[in-house]
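User: Hi! I'm new to reading structures. Could you walk me through a few features?

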Amino acid sequence: MRNEQIKPNVSTTELERQQAIIEEIRQINDEYFKETGKKRHFYNFVMGCQMNARDSEKLAGMLTEMGYIETENEKEADFVIYNTCCVRENAENKVYGNLGYLKNYKSKKPDMIIALCGCMMQQPTVIQTIKKKYRHVDIVFGTFNLYKLPELLKTRLETGHTIFDIWETHEEIIEDLPSIRKKKFKASVNIMFGCNNFCTYCIVPYVRGRERSRKKEDIIAEIKALVADGVKEVMLLGQNVNSYGKNLEEPVTFAELLREINEIEGLERIRFMTSHPKDLSDELIYAMRDCDKVSKALHLPFQAGSNTVLERMNRRYTKEGYLTLIDKLKKEIPDILLTTDIIVGFPGETEEDFEHTLDVVRKVGYSSAFTFIYSKRTGTPAAEYEDQIPEDVTKNRFNRLLTLVNTMVHDVNEKFIGHIMPVLVEEESKNSKNMVTGRTPNNLLVHFEGDESLIGTVVDVKLIENKAFYIIGERN
Ligand code: 5AD
Ligand code: SF4
């Protein structure tokens, strides 16, 4: 059951309309401050991928403009928002679990407004569950109408009703939403939304819709403005960046976009994710090779090594094709560091199939890998496949994969020991005093002695000790 009370009718003046509402709510919050001496606070919880993280920056931007202050303490928040993920089942379970204790907080603070948004909310079964079991939730919206938060909040404040506003599909892309980034010197930039690939295990195409790219000029203008505001590194985001620009009125390739961004004065580093192997062109490899600002790091998920499994996953490449691509990348960009995503226990995966996955890990040598146990997602083709794999078999394979990945990571990073590399310092080290943490152009994580004054600067560091997932260095 979908509540269509607020009609999807996005026009170019939509942003102005939301901004007027932002202003109204800001006045309400200012009044509240005058009367009580208290500022209203928001708690911003984000799960899942970098797309969601970027969306939450926009939520934080709108809430801040509405006069809310961010808090890390959920209990004291007046407005709690969860930007959810549904790629794997455990993410969903966490949301339901947290809603349990939020009910408790809200019983002590009845004015608390609880909002849920993001991918999980695009699933009708989830909406039904929330309507039935979690009546203390106030506002629910999805991935296509994030920019409407001010309006939804206003309606909730005025009517006291629970608001459900979930769209089945996207309208035009809304540019220039306010947003707040966590770090001054680095920023994420959406270049496209959605995915057309329909890998059979994946829920993303159903909850994020079809691929649509932002105009090149809008992306360039955003990055220039970010650079003027102190940003040195941008992360270009898309579910499948290699097919960027294909459906624009004036088609542009991702390689062309990279080359143009590389020319932006003052920008130092360009990263991007995620790439799909089937769309990784020679043109892109050459652009990565030629553009001095483009990070020599590539996240290239292979998911599984067996051709039978790859076909059942609808990945549209073979193990041999993937390995040929890797050879080409290593030949053109010798310093390249590769990372990947791997799924274990896809329906029908035999021991022999799994051996192919281990074989790819051995042959490629990843500097890091995200390993996942297959999670059955209702609505995806693979959920209907017979021969789902028993948990004990999957766990056993998962552990063997992890052991291999860990030893490989150590070996891969070893070849950089002794090198001097420019490190962009990101933060003070969480574990040791007087140490800072940063990344090399090919995304190695480096800890070395230094203080917070170095954050946001690029420092030449000699890499001296290999700790597998990070490296100890010293300033040169
Ligand atoms: N089960 C397990 N892992 C999944 N991923 C996507 N869908 C599933 C699923 N149903 C993983 C893939 C993808 C990453 C973002 O999440 O490896 O690349
Ligand atoms: Fe999901 Fe495949 Fe699209 Fe990635 S490429 S978001 S795994 S469907």
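Analyst: Happy to! Let's start with polar contacts: a polar contact is a pair of N or O atoms within 3.5 Å. Please keep in mind that this is a predicted model.

User: How far is a nitrogen atom of ligand 1 from a polar backbone atom of S375?

Analyst: The distance is 2.8 Å. A nitrogen atom of ligand 1 also lies 3.0 Å from a polar backbone atom of Y201. With R88 the side chain takes part: one of its N or O atoms is 2.9 Å from an oxygen atom of ligand 1.

User: Which residues surround ligand 1?

Analyst: Among them are V87, R88, Y201, Q303, D341, F372 and S375.

User: And what classes of residue make up the shell around ligand 2?

Analyst: That shell has 7 nonpolar, 3 polar and 1 charged residues. The residues around ligand 2 include C195, C199, C202, H276 and R315. Y201 is on the list for ligand 2, and Y201 is also on the list for ligand 1.

User: Now helices, please. At what angle do the axes of helix 9 and helix 11 cross?

Analyst: Roughly 30°, and the axes come within 10 Å. Angles under 35 degrees count as roughly parallel, so helix 9 is roughly parallel to helix 11. Their crossing is right-handed.

User: Which residues make the contact?

Analyst: Helix 9 brings D282, I285, Y286 and R289, while helix 11 brings L325, K328, L329 and E332. By class, this contact has 4 nonpolar, no polar and 4 charged residues.

Note on methods: Residues numbered from 1 in each chain as written. Chains lettered and ligands numbered in written order. Predicted model: local features only at pLDDT ≥ 70, side-chain atom pairs only at ≥ 80, totals over all residues. Heavy atoms only, no water. Near = heavy atom within 4 Å. Nonpolar A, V, L, I, M, F, W, Y, C, P; charged D, E, K, R; others polar. Axes fitted to C-alpha atoms, helices over the stretch in contact; angles between N-to-C directions. Helix = DSSP H or I, 4+ residues; strand = E, 2+ residues; numbered from the N terminus. Parallel < 35°, antiparallel > 145°, perpendicular 65-115°, else oblique. Left-handed = near helix turned anticlockwise from the far one by under 90°. Contact = heavy atoms within 4.5 Å. Polar contact = N/O pair within 3.5 Å; in protein donor to acceptor, adjacent residues only side chain to side chain.
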